[in-house]
Amino acid sequence: WGASVGRVCGQPVLRRVRAGRDRIPVGPMDGLLPYGLVSDIATGVALAVEADGIEGEVFNLGEEAADTVGLRFQRILTAAGSSASLVRVAAGVVPADLELTGSLGQPIVVSSAKARSVLGYRDTPVDQAVAVSVRWHLEHPPDGEDPGFEADDAALAAAAP
């Protein structure tokens, strides 16, 4: 899960940063999710593969603490050097690629404590990990045509006082 979050969580924010958008329509952003830098996850997998005597064991890999979606989005904006604001809009108008900012109903929390104690797994400090991920995603935008920002504009117009 954590390895795919850049695409799920970061890319929707960063496509707006690349386009110079200064307001991003979001839901309550209260979902609590696990994240992980791809290289950290890969290191954890390698540690598990190379460890002796752990056959059949299950390990969760990811950052030691979980961020809310809102905090993660703020970290992404900061790492990207963006001053864009996150504007709360009604659930029914949140753009499809930002649905992760809605209320998730139940946190997705995992603990990597077992991997830390048994495998010696360690993750990159969160702000450094986000900076590495943001830099990579900005240097490697997705292929294909951007779908535009009509849904953003409609959501932001609906949120205007």
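**Close-up views of a predicted chain**

View 1. Methionine 29 is buried, its relative accessible area being 15% (buried means under 20% relative accessible area, exposed over 50%, partly exposed in between, with a 1.4 Å probe and protein chains only). The model is predicted: local features need pLDDT of at least 70, side-chain atom pairs count only at pLDDT 80 or more, and totals for chains, interfaces and linings use all residues. Residues are numbered from 1 along each chain as its sequence is written, and side-chain values use heavy atoms, with hydrogens and water left out. Methionine 29 sits in the loop between β1 and β2 (32-33); helices (H or I, at least four residues) and strands (E, at least two) are DSSP runs, numbered from the N terminus. The phi of methionine 29 is near 60°, a positive value in a residue other than glycine. Most residues other than glycine have a negative phi.

**View 2. Confidence along the chain.** The mean pLDDT of the chain is 91, and 94% of the residues score at least 70; pLDDT is the predictor's confidence in each residue, from 0 to 100. Over residues 1-5 pLDDT stays under 50. Where pLDDT is low, the predicted coordinates should not be read in detail.

View 3. Helix α5 (residues 126-139) has 14 residues and reaches 20 Å from its first C-alpha to its last. This is close to the 20 Å expected at 1.5 Å a residue, where the expected span is 1.5 Å times one less than the number of residues. Ala129, Val130, Val134 and His137 are buried in α5. These residues cover an arc of only 130° around the axis, so they are on the same side of α5; the arc is that of the directions from the helix axis to the C-beta atoms.

**View 4. Aspartate 152 in helix α6.** Aspartate 152 belongs to helix α6 (residues 150-159) and is buried, with a relative accessible area of 1%. Leaving aside residues up to four places away in sequence, aspartate 152 touches Arg16, Arg21, Pro25 and Pro95 (contact means heavy atoms within 4.5 Å).

**View 5. Two exposed glycines.** Glycine 105, in the loop between β4 (85-88) and α4 (113-119), is exposed at 80% relative accessibility. Its C-alpha atom is separated by 7.5 Å from that of glycine 31, 74 residues apart along the chain. Glycine 81, in the loop between α3 (69-79) and β4, is exposed with a relative accessible area of 67%.
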